[in-house]
Each structure stands twice: as C-alpha cells, then as structure tokens.
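I opened my notebook to go through a structure step by step. Here is what I looked up, for anyone starting out.

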Amino acid sequence: MSGSSPRLFLRHNALPLLAAAIFALMFGLYLALQPNGIRTDVLVTAANKGVLLALIASAQTLPVLTGGIDLSVGAIVVLCNCLASTLLSGTPTQIAFGVAATLCGGLAAGMVNALAVVVGRLQPIIATLATSTMFYGVSLLLRPNPGGDIDDDFASALTGAVGGVPVSLLLLLAIVLLLWLPFRRSLTGRGLYAVGSSEASAYMSGVKVARAKACAYVGAGLLSGFAGLLLTLVAESAQASAIQAGDLTLNSIAAVVIGGTSLFGGVGGIVGSILGAFILRTIGDLLFVLSAPPLWQPMFQGLILLGAVSFSALPTLRARNRLETYR
Amino acid sequence: MVTGTGSLRGLRAATPAFDRRLATALCCSLLVSAGLAAGSGGAFAADNADAQCFAPAKGSAGLVSLPAKKGPYRIAFANGFIGNGWRVQMLQTLKAYAAQPAVAAQIKELRIVSVGTDVSAQIAAMDNFISAGFDAILIDANSPTAFKPVLRRAKQAGVVVVSFDNTLDRTKAETDLVQVNQDQFAMGKMMGDWLNETMKQKKHVLEVRGVPGNSVDRDRHEGFRQAMAADPGIQITEVVGNWDDGTGQKAAADAMAVNGAVDGIYTQGGSIGVTHALIDSHKPLVPIDGEGENGFRKLIALHAKDGLLGESAGQSPALSAVALKAALAVLQGQSVPDEIAVPIPVANYKTLEAGKNYFPDLSDTFFAAYDFPVCDIKLTPQAIMGHDAK
C-alpha cells in the first residue's frame, strides 16, 4: 500500500491531493469575497452543511470501492433523521440512548442492503434502489408529519464551535481517524479494494469477498446514520422527504467522483470523497458571494462542477498508459 | 398547521355562489372560526399597515412590529427548488415587483440564491445571509420544521424573516416571524364545496393528491375531505399525482381504467395532465377542480360546453411579491399580522375571460393567478415573463 518515499505518496494520492487543491482554491476565494471578513459563524455554517454531505459521500465510497453502489444512502439518512427526531430529548442518558439507537438504525439498514447484495446476490444498483423505497416507507411510518422534539442545548453544542473550530468538523475528523484509517489497514479493508479491482482475482487469492462486500454496505449504513444524526441536530426536526433523500444520494455520488474514487471500484478512498463533498458545497457558497442571477445559478453550478471533475481527471490525460492511473 | 380563513372576503367577491355556501358552512359548526377571522380582522384594522392585503390568517396571534430601520434595505431570498414553472414565475414576479420604481427606491440590494431541495443547504444559505448583515430574509422553505435553530439566530441578529408559500410550523419562540400564504385548508374546502354543488351525480369522486408528506398536500386534502364529508354516500378514490402533469395524468388514467367513470375530479396540481387523462378516457366529461395553470383554464374554456365544468384556484407565484412587500413594511416599522392569508385567486368556467384570468396566447405552464391587485401588486404577464433573470 502507501509507500515510504514522498514520490510514492504523491503518486498514490494524486487525486485526493488535487481535490484538496481545488477545494483550497475555491474556499479561499469564498472567504476572500466574504463581505464581513472571516468569522467563526461563516466557518460553522460551511462546516455543518459540508460535513453532512461529507459523511454521506463517505458512506457511498465504501460500496463504490467494491465496484458496487448504494442508492439508498440518502434514504438511510432520512430514516435515521426521522428516528432521531423522536429520541433526542430528555435526560442526558436518554439522549445518549437516542444517539446509539439512531446509529443502530443506520447499521440495521446497512445490514438489509448487505443481505440483499451479498446473500441475495442482487445487482447493487437495483437492490439498493428497492431498499431505499423501503427505508423511505419506514421513515414515513415513523414520522407521517414533519416535526420532532430535539434538545436545544445538545443540538446547539454539536452544531456550534469550540475555540473557533466547528464541532461537526471535529466529529468528522474523529470518524476518519478512529473508524476509517484503522478499517482501511485491516484485512477486510484491504479486501474492499481487492474486490473492487478484480473480484475473481480477489476470490482466487483467498480474500473473503462476501465479508468485504457486506462490510461495505453495513459501513455505509453506519456512516449514513451519523449523517442522519447531524441532519437532526442542524434542523432540530425531521421530515420524511423522498426528495431530500434523492438529492443527498445524487450529491454523494458526485462527491465520490470529484474526490477521485473510481465508479468501477478499487481506487480511491473516503478522504477524497470528503474533499469532493466540500467542493460541491463550496460551489453553492460561491454563487452566494458572486451574487449570480437566480435563473443562471443552476447552469453556473453545473459549469463549476464540470470544471472540478475535469480538473481532477487531469492525471488521466498525462498518463502514458491509462492503466497507470489505476495502479 | 392550518392557517387562516382571512381570505373569505376575496372568495366571496370571486364566486357569487359563495354566500349560500357560507351560510351552510356557518351552520356546520364553522361559526367559531369564521367569527374569529372576522373579529380579528376588525381588531387589527386600526394598526395593520395594509389591512386589505395583509389579512390576518385564522391562526394569527397578533401583529409583528419592530423598531423602524433606515432604508434603503438589503433583502435576501433563500429559495429552495427552482426546477418548475411555478418557481421560475415566482422568482420573475419578485424581480419585476422589486424593479417597480416605488419599490426599487426602498431596496439597496436584492440577493437571490436557489439552493435546491436540500434542507441543510437552505439553512446554511440563511446563516450566510445573516452573517453578511442583510436586513430581511425571504424564504420558500424546504421543510416546515427544520428552521427553528436558524430562526433563533436570525432573531438574535435582528434580521426580519418572512416565509411564504411553503411556510413554517410556528413555535412560541418565533414572535417576529412573518408568514405569507394562501389558506390551503380553505382552498381544499372551497374545491370540495364547489364539486359537491356542481356534480350531476354524486357517486364516485377522484382525488389526485400532491407530494406526500408535504404540509400543503395535507391541508388541501383535509379541507377537501371536510367538504366531501357533507355527503357520506360519495366514494372517493385517492391517487398520488405529485402536483405533476405526467404523474397526475398516469395516476388519473389508471384510476379511471380500474374504477370506471367518475362523477367529479379534484386534482391539487398537474391539472393539465389530469384533464387530458379525463378527455383521453373517452368517458363523459365531468366537473373538475384544479390548480391555476393557464393551460388548465384554456382546456376548461374549450370544453366547458361538453361538460368539463371546471374551477381553477391556485397558489399564486406572486406570493413572493407580497412577502417582499410585508418585509419592507416591517423594516419601516409598520405592523403586519404574524400570519398573513392573502385572498385565493379563483376562476371557474363561468367567470373565465380571455386576457383577464386566462391567456390563450401564453404558454400552458404560465400560472394565471399572476398578480394581487388588492395588494397593489399590478404587473402584466408580459412584464413578468419578459423580465429576464438578470
């Protein structure tokens, strides 16, 4: 895996590094154009909506790495949002229980996907499309009418800032350091990449294919659970909205691609997807500071997106052999 | 939350048959709420900045009045979705109204951002506007409940928030939030009453609903069902049309294929598609209630003589202009009700008049309830559609 020399590190991480550069450029421009200068509340706003999408993009990354896809991540987020909206109030113990139950909800949804894809051997794209409708149905049962009762102080604390640093960003960092990096180094984590590169070779080499795949979908469920939790804290309520679910799923796939993860599997990682999510969100922020005319905004958004995707595809262009980029 | 019957006055003017209906409604236990609306209207009239336009809704708890700020003002609009004709016309109406000399003089900057359907992005857009020091924020909300925290922050920063169209479920904390809407429950009920009156036979009614889980869908549905409850013998088939022509047409066609002919139809939206489904079914044309699309009104005008007795009432895209007007009034220190119910613009096959409430030359997707003369918002369709997005 990642080598010791700086050159090897650069080569293995070219795409995430490029995404980081694009993000730095765009966010720098956004901050420079801020009418009232760089203030903590501007950073908190950007962090909260960025981290939400980053978590969903991270969730999406796991199945994509195995060469699959999870069209239900948005629906799981909405499901966990609806679940959390009924649980996050009362005593600290009750709130802690609510947090745990919400994450378990995400895990359970991920297990359903894993069952359908690994045991049921259905095509991931169809299986997760079906389960997403199912999850939406459960959300509607949990919360037929929008609303929810969330503890104000708890929500404000987790969506605020500590010493000028947004708390949501710290949460994301913790997830990357404590969950993703150890998992990536583990046998199953490496199996994920192997399965995505070539399922047949992975199988022949003794990789536990089924376990790697199942872990990808269950992990996606868990990360979507975190996203649902954050959405609940940001909105202090929940709504069983199929539109919101679809929007989040689509954006998660876009973020994964911008972050340099190949939709064919085997290449990429969560760090790139997180950067991709932040790039996507910054596009909206740029429209804000540049005050683009309203009916032109979707086109500008598309243009910037196309630019970002093309830019992150630059390494592919200068490769002598296209296979090189996927080494 | 069900808002307002403050629009009764507007309804009565538009439908001659309304007086009789009102009498029936009063007998049927609506006495209390109607009385409240009339009573509160009188009480507010003394202080209300524009009692005609800013009629208090039924749920209105009082007037919002804040210390006057010095103009001209910086106004922001945190729009959500932009991908349909209604939203585009809504944005263009807002810009056309803001460009009128008397209004433009009060506005230093009008900043519009459309964030799409994601709730968290819309919350962030509002936060950005607050951080950037705007005086007032207009919002067509992606969710009725998700804005509690950001409304707290707006209040802290002294930013006036006016929500319209998809309004918010109010809690006690939001004392300075102004909401502008049409009474969706009253609209559904009006539709149901009219259908009850117009149908020749009353056996089977088709109800085509909107987007599930949405508060507008819920309120219109409940209003409609309350009206239909007057005649318990009617069988109502309910399908989901998502306020969309394609979805509505298919859902209505399927329902008529399975259940046979219907005696009346109420569709919350996608009215052109649903009407085509009825016409294409080659069954007798029946009374139909629908939204305010120009194309729907064209179809009514064309086929009314064959039995397509239609009523068209809809959510006006000009609500955005009313919201701007309310925001300016509050910033100037005037008082407006916290919940404003603007009159429902309605027309039926008897009152349709080319060039006035429907436009044979304009596109089907134009929303024919395009202005609010009662609010002094008088624009021509050409001014709205011709107003480019710059």
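**Entry 1: ground rules.** I noted that this is a predicted model, in which local features need pLDDT of at least 70, side-chain atom pairs count only at pLDDT 80 or more, and totals for chains, interfaces and linings use all residues. Residues are numbered from 1 along each chain as its sequence is written, while chains are lettered from A and ligands numbered from 1 in the order in which they are written.

**Entry 2: chain B.** I looked up the make-up of chain B and found 13 helices and 14 strands. Helices (H or I, at least four residues) and strands (E, at least two) are DSSP runs, numbered from the N terminus. Of the 390 residues in chain B, 56% are buried. A residue is buried if 20 or more other C-beta atoms lie within 10 Å of its own, exposed if 12 or fewer, and partly exposed in between, with C-beta atoms placed from the backbone.
I also checked contacts, where two residues count if their C-beta atoms, placed from the backbone, lie within 7 Å. Among contacts in chain B between residues at least 6 apart in sequence, 74% join residues at least 24 apart.

**Entry 3: where the chains touch.** How many residues of chain B are in contact with chain A? I found 32 residues of chain B in contact with 36 residues of chain A. On the chain B side, α3 (85-98), β3 (107-114), α5 (119-131) and α6 (148-157) each supply at least two residues. The most comes from α5(B), with nine residues. The chain B side divides into 16 nonpolar, ten polar and six charged residues. Here Ala, Val, Leu, Ile, Met, Phe, Trp, Tyr, Cys and Pro count as nonpolar, Asp, Glu, Lys and Arg as charged, and the others, Gly among them, as polar.

**Entry 4: helices of chain A.** I turned to α9 (residues 187-197) of chain A, where the buried residues include A:G189, A:L192 and A:V195. The cover over the buried residues of α9(A) includes α3 (40-65), α8 (167-185), α10 (199-204) and α11 (209-235) of chain A.
Next I checked how α9(A) packs on α11(A): the angle is about 100°, with the axes 9 Å apart. That makes α9(A) roughly perpendicular to α11(A). Among the residues in this contact are A:L192 of α9(A) and A:A216 of α11(A). The contact of α9(A) with α11(A) has six nonpolar, two polar and two charged residues.
The axes of α3(A) and α11(A) come within 8 Å and cross at roughly 170°. That makes α3(A) roughly antiparallel to α11(A). This contact of α3(A) with α11(A) divides into 17 nonpolar, five polar and no charged residues.
For reference, axes are lines fitted to C-alpha atoms, for helices over the stretch in contact, and angles run from 0 to 180 degrees between N-to-C directions. Angles under 35 degrees count as roughly parallel, over 145 as roughly antiparallel, 65 to 115 as roughly perpendicular and the rest as oblique.

**Entry 5: backbone details.** Most residues other than glycine have a negative phi, and most peptide bonds are trans. I found A:S291 with a positive phi of about 40°, in the loop between α13 (270-290) and α14 (297-312) of chain A. A:S291 is partly exposed, with 13 other C-beta atoms within 10 Å.
B:H282 has a positive phi of about 55° and counts as exposed, with 6 C-beta neighbours inside 10 Å.
Lastly, the peptide bond from B:G71 to B:P72 is cis, with omega near -10°, and B:P72 is found in the loop between β1 (63-64) and β2 (73-79) of chain B.
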